Amino acid sequence: MAAPTSSQPVARVLPRGGGGGFRAFPESAPASLRFSVGRRRAARLEVKASANVFGNYFQVATYGESHGGGVGCVISGCPPRIPLTEADMQVELDRRRPGQSRITTPRKETDTCKILSGTHEGMTTGTPIHVFVPNTDQRGGDYSEMAKAYRPSHADATYDFKYGVRAVQGGGRSSARETIGRVAAGALAKKILKLKSGVEILAFVSKVHQVVLPEDAVDYDTVTMEQIESNIVRCPDPEYAQKMIDAIDKVRVRGDSIGGVVTCIARNVPRGIGAPVFDKLEAELAKAMLSLPASKGFEIGSGFAGTDYTGSEHNDEFYMDEAGNVRTRTNRSGGVQGGISNGEIIYFKVAFKPTATIGKKQHTVSREHEDVELLARGRHDPCVVPRAVPMVESMAALVLMDQLMAHIAQCEMFPLNLALQEPMPLTILKIMHA
C-alpha cells in the first residue's frame, strides 16, 4: 500500500491527558467528528448477541441441536414452591415428539426428559431449572448430500452466510428439535398460569393446504383438549380432520409437503396483561410465534380480514354483564386492545409453510457456488402443523407468564385503584393449601 501523501487525511493517535486513553482522528477532521478511545471506555463495551434466551422475568434459554448429544432448556425466574415433576413436562413433550403417526416424521425419539436442577421433593426452589432430553435416533449419513448443497427454502444457506459454518446433520440448531426446550418450559408456564388465575391455553389445526376449517365450526368458549387430541391431525372437527389427513397423505406418498395454520386460544387471561408500547401483548405473541421453525405469518383477532370492515362494524361495543363486569359484545380485537388484555378470550392464528426438506429433486446451489440438483434424504414431516400445536401453546404460555410477572411487579406493588383495577386471582393459594 502506498504511503499517504500530504493531500490525504492522516489518522493519528495522540496521548490523552489524565485518562490513560488516546484520541484517534484525522488531522483534517472537524471537531464534531473527533472521538476519544480510552482504556476505561473500552473495558465497558459489551456485546449481547446470543439470541437463545426468551423472556425478561420468566426466562427460558434453550440449547442443543438435532444430532448432538441432546437438547433442553434452563428456566430462570420460576416462582418457588410450585409442584413440578418430570411427568408434568412429559405430557406436553409426548404431544410434540416425532413418530406419533404416519403424517409426522418417522424419526423415533421418546423425548424422555430429566429435571437436573431447580426442584426439591417435587417442588420448585426458585433457582434455575435445568431440563435435559437426550437424542437417541440419529442418522447423520442421511445428510451427506445436504452437506454439499443447500436445501431450497431451508436455513442451510443463511446459516452459512451468517456464521461461515453450520451443523449439517439434521439442520443443527435450525431443527425443530430445538423446540423441545420451549415445550418443556411451556408446560411449567401453563401449570403456573392455571394455578394462579385459571388460564387455559389450547391450540388446534384450522387449515391444511386448501382444507380450511370454517370459522364457526369451533366454539372458543367450550372446545376441549380431548376434542383436539381425538385425531392425529389435532383438528377438533372430525369431518374436517379427515379431510386434512387425506390431504397430508396425498403429498406424503409423493415425497412432497404442505403447510397449514394453527389457531390458538387463551381463556381466563386476567385483564391488564401487556406493556405498551414496545412490549404490547400482541407484539410479544407475534415475536414468539414467528420465532418457531417454519412459521411465516401471524394475525390476532380479526387480523387482515379486519380491513374489510368500517369502524362502526369492527368496534367491539362494551356492556355491563350480570356480575357487574365490563365486557364486549363482540371480540374482533382478539382479547387485546391497546396492547393490553381486556379479559375476553385471546385468539390468534399462526401460518406455517410447507416443510422445506422434500423427497423430490430440486435445483439449488452447492457450498462451492455451483448450480446443482439435490434429492434430499432424511426423515421429515410432510406437514408440520400437527406437531406445531403444542409448540404454539407453549410459546403463548411463556409470553403470558412473562407478561403476568411484569404486570404484578409494576402494577401491584402498591394498593390498586379498585374502582378501575382488579387484583390478580389467588387461585394458587386455594389449591396448594386445600
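This is a predicted model: local features need pLDDT of at least 70, side-chain atom pairs count only at pLDDT 80 or more; totals for chains, interfaces and linings use all residues.
The crossing of H2 and H4 is right-handed. On the side of H2, the contact is made by Asp-88, Met-89, Glu-92, Leu-93, Arg-95 and Arg-96, while H4 contributes residues including Thr-179, Ile-180, Val-183 and Ala-184. Sorted by class, the contact of H2 with H4 holds 7 nonpolar, 1 polar and 6 charged residues.

Helix H2 also has other neighbours. Its buried residues are Met-89, Gln-90, Glu-92, Leu-93, Arg-95 and Arg-96, and the buried residues of H2 pack against strands E6, E7 and E10 as well as helices H4, H5 and H9. An α-helix has 3.6 residues a turn, so residues three or four places apart point the same way. In H2, Met-89 and Leu-93 are among the buried residues.

One of the residues touched by Thr-179 is Arg-96, and others are Leu-292, Pro-293 and Met-391, leaving aside residues up to four places away in sequence. Thr-179 itself lies in helix H4, and it counts as buried because its relative accessibility is 1%, where the cut-off for buried is under 20%.

Ile-75 is buried, with a relative accessible area of 0%. Once residues up to four places away in sequence are set aside, Ile-75 touches Met-89, Ala-185 and Leu-188, among others, and also Phe-58, Gln-59, Thr-127, Pro-128 and Ile-129. The C-alpha atoms of Ile-75 and Gly-126 are separated by 9.9 Å, although these residues are 51 residues apart along the chain.

The last stop is the backbone in the loops. Most residues other than glycine have a negative phi, and most peptide bonds are trans. Asp-111, in the loop between H2 and E7, has a positive phi near 50°, and Asp-111 is buried, with a relative accessible area of 0%. Arg-234, placed in the loop between H5 and helix H6, has a positive phi near 65°, and Arg-234 counts as buried at 4% relative accessibility. Finally, the peptide bond from Pro-276 to Val-277 is cis, with omega near 10°, and Val-277 lies in the loop between strand E13 and helix H7.

How values were computed:
Residues are numbered from 1 along each chain as its sequence is written. Side-chain values use heavy atoms; hydrogens and water are left out. A crossing is left-handed if the near helix is turned anticlockwise from the far one by less than a right angle, and right-handed if clockwise. Helices (H or I, at least four residues) and strands (E, at least two) are DSSP runs, numbered from the N terminus. Contact means heavy atoms within 4.5 Å. Ala, Val, Leu, Ile, Met, Phe, Trp, Tyr, Cys and Pro count as nonpolar, Asp, Glu, Lys and Arg as charged, and the others, Gly among them, as polar. Buried means under 20% relative accessible area, exposed over 50%, partly exposed in between (1.4 Å probe, protein chains only).
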